[in-house]
Amino acid sequence: MTGLRHDGRFDEPNLDGTAGDYISFDSWEWPQGVGLYGLVRLWQITGRDDLKLLIEGWYEKRLAAGLPLLNVNTTAPMLALSVLWNETRDPRWEKPLDEWASRVLAEMGRTSEGAFEHHVSDKVNDNELWDDTLYMVALFLASYGQASGRKELTDEAALQFLVHTRYLADTKTGLWFHGWTFDGRHNFAEARWARGNAWITAGMLDLFDLAEMPQPVKAYLLGVLVSQVNALLPLQARSGAWRTLLDDEGSYEEISATAGIGYGLLKGFRLGLGTPGWKEAGLRAVQAVLDNIDESGTVLNVSYGTRMGHDLQFYRDIPIQPTGYGQALAILCLSEALRHVETGDQTL
């Protein structure tokens with residue numbers, strides 16, 4: 001993860017004129033934010049001091065350099081920092097966390113019914129809801145709200161999950177669509193996109209883990225999650241992976257989504273929320289992830305950052321590129337698998 005570098009293949013300048021970098025570890029963006037979350041979770045499991053020093057050093061440098069403009073994707077690195085602060089209570093991190101959380105509530109654009117618009121560094125997506133927003137913003141609010149005692153933040157996280165569920169969960173299949181727009185009121189290409197669904201499978205379980213949700217909210221979201229998993233299990237390929245369009249056998253198998261879904265399935269089973277079928281599918285996903293890691297530790301067959309598609313071919317054509325989130329989701333999946341080894345499961 002730390003060795004990934006932007007090689008110029010993708011030119012995506014930010015709205016403020018700065019260069020966008022969604023690959024290099026040094027950049028403050030959503031792939032790096034997800035990457036840091038994976039590292040923090042690995043540190044929690046292993047207690048490795050080198051991981052803690054790496055993570056703290058990253059935040060020291062980035063905060064000293066100055067934070068970017070606030071949007072959905074630049075909020076993502078705050079999740080790992082919140083989890084770190086909850087463990088260490090290091091005073092260096094509290095002020096930036098507290099100020100950023102307050103700004104999210106006050107400044108982030110909203111749609112009808114109070115959901116966050118998916119505004120990002122290089123594009124303003126007015127009146128649009130995306131799966132990604134829940135992982136990039138709502139989990140941070142849940143985590144920091146629980147850790148700091150700021151109930152308005154955990155309440156906001158609950159609202160975001162509820163409103164996004166209303167418009168993105170497909171009532172016919174149980175899977176989730178990538179996005180929704182209030183302009184025309186439709187789900188774009190109606191893409192049941194794998195990584196978007198992975199953000200939900202993993203994100204719902206992390207939400208329950210990071211913060212105490214009101215019981216009716218938790219019960220409702222758990223029902224939504226079970227419906228999603230029931231739809232996901234029959235779509236798992238023989239390799240253990242899921243395809244980038246879940247219900248399209250002509251689309252390629254995609255490993256970041258496979259890792260995220262596998263992580264969620266194993267975690268859900270461990271927490272007593274799922275059936276043995278969840279564990280079986282999760283372990284198959286672990287093997288698929290392992291089969292797609294090369295000698296250098298790079299996770300292969302990861303689709304690059306995916307904008308909103310207006311037709312399904314758009315998703316089939318997304319290029320393959322090693323990324324921080326690919327590394328991180330693999331780390332989350334393999335770290336969760338370690339817990340199952342430690343409890344006596346030898347099937348790995």
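Let me begin with T75, which is buried, its relative accessible area being 0% (buried means under 20% relative accessible area, exposed over 50%, and partly exposed in between, with a 1.4 Å probe and protein chains only). Before I go on, please keep in mind that this is a predicted model, in which local features need pLDDT of at least 70 and side-chain atom pairs count only at pLDDT 80 or more, while totals for chains, interfaces and linings use all residues. Residues are numbered from 1 along each chain as its sequence is written, and side-chain values use heavy atoms, with hydrogens and water left out.

T75 sits in the loop between helix 2 (49-65) and helix 3 (77-88), where helices (H or I, at least four residues) and strands (E, at least two) are DSSP runs numbered from the N terminus. Setting aside neighbours within four places in sequence, T75 is in contact with W100, V104, M108, M136, V137 and F140, contact meaning heavy atoms within 4.5 Å. With W100 there is also a polar contact between the two side chains, at 3.0 Å; such a contact is a pair of N or O atoms within 3.5 Å, and within protein one must be able to donate a hydrogen and the other to accept it, while residues adjacent in sequence count only if both atoms are side-chain atoms.

Now to the helices on either side of that loop. The axes of helix 2 and helix 3 come within 11 Å and cross at roughly 125°, axes being lines fitted to C-alpha atoms, for helices over the stretch in contact, with angles from 0 to 180 degrees between N-to-C directions. The two helices are therefore oblique to each other (under 35 degrees counts as roughly parallel, over 145 as roughly antiparallel, 65 to 115 as roughly perpendicular, and the rest as oblique). Here K52, I55, E56, W58 and Y59 of helix 2 meet P77, A80, L81, L84 and T88 of helix 3.

How do helix 5 and helix 7 lie relative to each other? The axes of helix 5 (residues 132-148) and helix 7 (residues 194-210) come within 9 Å and cross at roughly 5°, and these helices are therefore roughly parallel. Among the residues making this contact are M136 and L139 of helix 5 and W199 and I200 of helix 7.

Finally, in the loop between strand 2 (179-181) and helix 7 we find R185, which has a positive phi of about 50° although it is not a glycine, and which is partly exposed at 48% relative accessible area. E190 is found in the loop between strand 2 and helix 7, with a positive phi of about 55° although it is not a glycine.
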